[in-house]
Amino acid sequence: MKFIYPAVIRKTAEEKYHAFFPDLEHCRAEGDTVEEAVDNANEAAYDWISLELSEDDGQLPPVSDVSDLDLQPGDIVRNIAVNIRFYEGWDE
């Protein structure tokens, strides 16, 4: 199953890129370039969603519309797609 959440990528004072997901609490990543931050954000989102789905009462938050995000000048928004394969025994 594919899950898509927006990530906000912001340049830091140290000239790196910090990515965070407004919808996924405490899900963050960093990188030296935007591309690296996106790759690391994809891994962070995968881990976050996998962990949430593994819990007995795991529920994923609704996805924010990009127009509803509180963005700063220079912010970059990327929709991060995560594919989770459900194995036998999972209810879909």
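This is a predicted model: local features need pLDDT of at least 70, side-chain atom pairs count only at pLDDT 80 or more; totals for chains, interfaces and linings use all residues.
**Entry 1: salt bridges**

I began with the charged side chains and asked how many salt bridges there are. The count came to three.

**Entry 2: R10 and D75**

I looked up R10 and found its side chain in a salt bridge with D75, at 2.8 Å from N to O. Buried or exposed, I wondered about D75? D75 counts as buried because its relative accessibility is 16%, which falls under the 20% cut-off. R10 has 22%, so R10 counts as partly exposed.

Next I turned to K11, whose side chain meets that of E15 in a salt bridge of 3.0 Å, N to O. K11 is partly exposed, at 46% relative accessibility.

The remaining entry on my list was D32 with K16, a salt bridge at 3.2 Å, N to O. Here too the pair links distant parts of the chain, 16 residues apart: D32 is in the loop between β3 (28-31) and α1, and K16 is in the loop between β1 and β2 (17-20). I checked accessibility for both partners. D32 comes out at 44% and counts as partly exposed, and K16, with a relative accessible area of 37%, is partly exposed as well.

**Entry 3: E52**

Then I went looking at a charged residue without a partner. E52 lies in helix α1; it is buried yet has no salt bridge. Which side chain of opposite charge is nearest to E52? I found R28, 15 Å away.

**Entry 4: the nonpolar core**

I finished with the largest nonpolar core, which has 22 residues. Which of them touch the most other members? My list reads I9, F21, L24, I49 and I80. The elements that give two or more residues to this core are β1, β2, α1 and β4, and α1 supplies the largest share, nine residues.

Leaving aside neighbours within four places in sequence, I80 is in contact with F3, I4, Y5, A7, F21, V38, A41, N42 and A45. In soluble globular proteins, nonpolar side chains tend to be buried together.

Terms used
Residues are numbered from 1 along each chain as its sequence is written. Side-chain values use heavy atoms; hydrogens and water are left out. A salt bridge is a side-chain nitrogen of Lys or Arg within 4 Å of a carboxyl oxygen of Asp or Glu. Buried means under 20% relative accessible area, exposed over 50%, partly exposed in between (1.4 Å probe, protein chains only). Helices (H or I, at least four residues) and strands (E, at least two) are DSSP runs, numbered from the N terminus. A nonpolar core is a set of buried Ala, Val, Leu, Ile, Met, Phe, Trp, Tyr and Cys residues joined through side-chain atoms within 4.5 Å. Contact means heavy atoms within 4.5 Å. Lys and Arg count as positive and Asp and Glu as negative; His and the chain ends are not counted.
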